[in-house]
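Dear colleague,

Please find below the structure I am handing over to you, together with its sequence.

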Amino acid sequence: MAVCFPKGSIADDSATLFSTSNSPEETTSVSSSSFHHSPPPPDASISTKKLSIRSLSFSVLPNRSIPTSFSELIRGPKPINVLKSVSFVARSSQILAIVGPSGTGKSSLLRIISGRVKQRDFDPKAISINDQWMNSPEQLRKLCGFVTQEDNLLPLLTVRETLMFMAKLRLRELGSEEREEKVERLLQELGLFHVADSFVGDEEKRGISGGERKRVSIGVEMIHDPPILLLDEPTSGLDSTSALQVIELLSSMARRNRRTVILSIHQPGYRILQYISNFLVLSHGLVVHFGSLKSLEKRIGEMGIQIPIQLNALEFAMEIIDKLEEDSNPPTTTQIEEEENQLFSSPLWPDEVIDKIPKHNNSRQISIFYSSHLLEIMFLCSRFWKLIYRTNQLLLGRTLQAIVGGIGLGSVYLRVKRDEGGVAERLGLFAFSLSLLLSSTVEALPIFLQERRVLMKEASRGVYKISSYMIANTIVFLPFLLAVAVLFAAPVYWLVGLNPSIGAFAFFTFVVWLIVMMASSLVLFLSAISPDFITGNSLISTVLGGFFLFSGYFIPKQNIPRYWIFMYYISLYRYPLEAMVVNEYWGAKSECFSWADEGRRRLCVLTGDDVLKNRGLEEDIRRMNVGIMIGFFVFYRFLCWIILARRASSTTI
């Protein structure tokens, strides 16, 4: 049976999605009894919007397992069909809910429509807008807002700051006053004005409620006014009142802005059903029903099944989902095309909406690259400063660690003598300082991991570039790490009584700064490749342990096995350790640190030059080592940029 539409809906500002199989038995009028808040008919001069999907199928390869036979090894894993020629229609000013048991492809369907799939999994002949085929997921990402199940927000920003940051980056063509006005209107529309200056919060830091956090996630996607909004289970994890408030908000926004809203939902409550116009019921990737709640009741009745009084039609449909699948009778491609031509014979989307669809124009992209890049860096720097200032475990932890570590080490090695024993003590001080400074950045790992998911979401949606993020991170952290270096170096240097030269002290402080910079880059790189905190912490400990072992402090270079000698050259400990030793003794080459009595004469048996030669430091390698340390700093950040850029290009968040 072909999909039917009421005549009154032709003038509606709507979006339609079509396919060829497993379509509904029928579609009822918008004025369903289950929808009590229908808006007045829109003005006839407003163009209709239309999104068409035809014969949409999607399959994935299962995780590789040990093959049970030789033929299975040759053939490889068999793909799993997640979606099978899905068909449905969504109109603007209404809410379409996708329902079905777990594993039926609800989330996959939303991700495909929103363009959150890889290019190789995208069918360029399945989705069109105003009869213009969408050739890449990027085009859909520009037109669709997508709210995931998880609220990927930064907990240390306020609600207003979160929305304002997105407005600055997504509405760059507007002035500052216009952006502020838009954010204030959005706060009112979302019902968040009373918590606008409250922190978003998370499981660890108390902030706004779960329902309010979900509305912030919706606001983040609505800031640039996408014509289509898709939400993956927006009511999951919320109490009934908060869930109802979210659906009421979506219904209001859909009617007011004539926006197409499509969401997946699990067992909506009775009060929520009145805000949803149509339901798409999926089973095993197939469409078993599409239409209003009233049409579902009618269909179940036509099957000769009576709905229990204590259940609504949708709840009961989940119990008889297999029977609905057996009873489904999809329309043919010809029937769908005829229906589409009858309903949409005029231009469907306004020209300005079509213009928003990204077209590949390299010359234009190059002309705006530098100005947009600078703006992104500025906005990201501002956000980084706020996050550092408000992250107590990072700000206070690193500051106290530097002060306590510097004073503590200084008190242990207080006024080290300038004799042979003092030489050994100074070397031990330098080695322990390196170990303390390099390992002190591990506490930043959970912060980077928490921020990484937000970064992946924002970068994959084109909010800013990964390179802008890396540059802003570097700009903000350099002065912070410099302060940490000064707080550590000043007390330990003068309490121990190292080289009294001001130049030597300045170089020592500079080396400490480079040490924490290298460590920060290393942790940032390892956080980019680590799936979680436990793995990342283990990886950092292993890497730093290997670097310390082959630094030349425990095992001289000549005693390191040949197959491990590469660790000596890439060790982050080696170069600052050598620089500190040279800085301490280069100006005291002729100074004697150990005397021996030979008869009536006293002979010097250990000079500063001897200390350097014993370490293989016969030349002043300070400048070279500084260059190598800066190279490590840049190298690890470059690797991090490559990894994050590749992840962002393939992420589907």
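Beyond its close sequence neighbours (up to four places away), Arg426 touches Val416, Lys417, Arg418, Gly497, Leu498, Glu584 and Tyr585. Please note that the model is a predicted one. Arg426 belongs to helix H16, which covers residues 420–439. Its relative accessible area is 1%, so Arg426 is buried. The side chain of Arg426 makes a polar contact of 3.4 Å with that of Glu584.

Arg426 and Glu584 also take part in a network of salt bridges that includes Arg418 and Glu591. Because Arg418 sits in the loop between helix H15 and H16, and Glu591 in the loop between helix H22 and strand S14, the pair ties together parts that are 173 residues apart in sequence. Arg418 is partly exposed at 32% relative accessibility, and Glu591 is partly exposed at 28%.

In the whole structure, 19 salt bridges were found. One of them joins the side chains of Glu161 and Arg390 at 2.7 Å, N to O. Glu161 is in helix H4 and Arg390 in helix H14, so this pair ties together parts 229 residues apart in sequence. Glu161 counts as buried, at 18% relative accessibility, whereas Arg390 is partly exposed, at 22%.

A further salt bridge, at 3.1 Å (N to O), links the side chains of Arg574 and Glu578. These two residues are four apart in helix H22, which means that about one helical turn separates them. Arg574 and Glu578 are both buried.

With kind regards

How values were computed
Residues numbered from 1 in each chain as written. Predicted model: local features only at pLDDT ≥ 70, side-chain atom pairs only at ≥ 80, totals over all residues. Heavy atoms only, no water. Buried < 20%, exposed > 50% of the residue type's maximum accessible area, 1.4 Å probe, protein only. Polar contact = N/O pair within 3.5 Å; in protein donor to acceptor, adjacent residues only side chain to side chain. Contact = heavy atoms within 4.5 Å. Salt bridge = Lys/Arg side-chain N within 4 Å of Asp/Glu carboxyl O.
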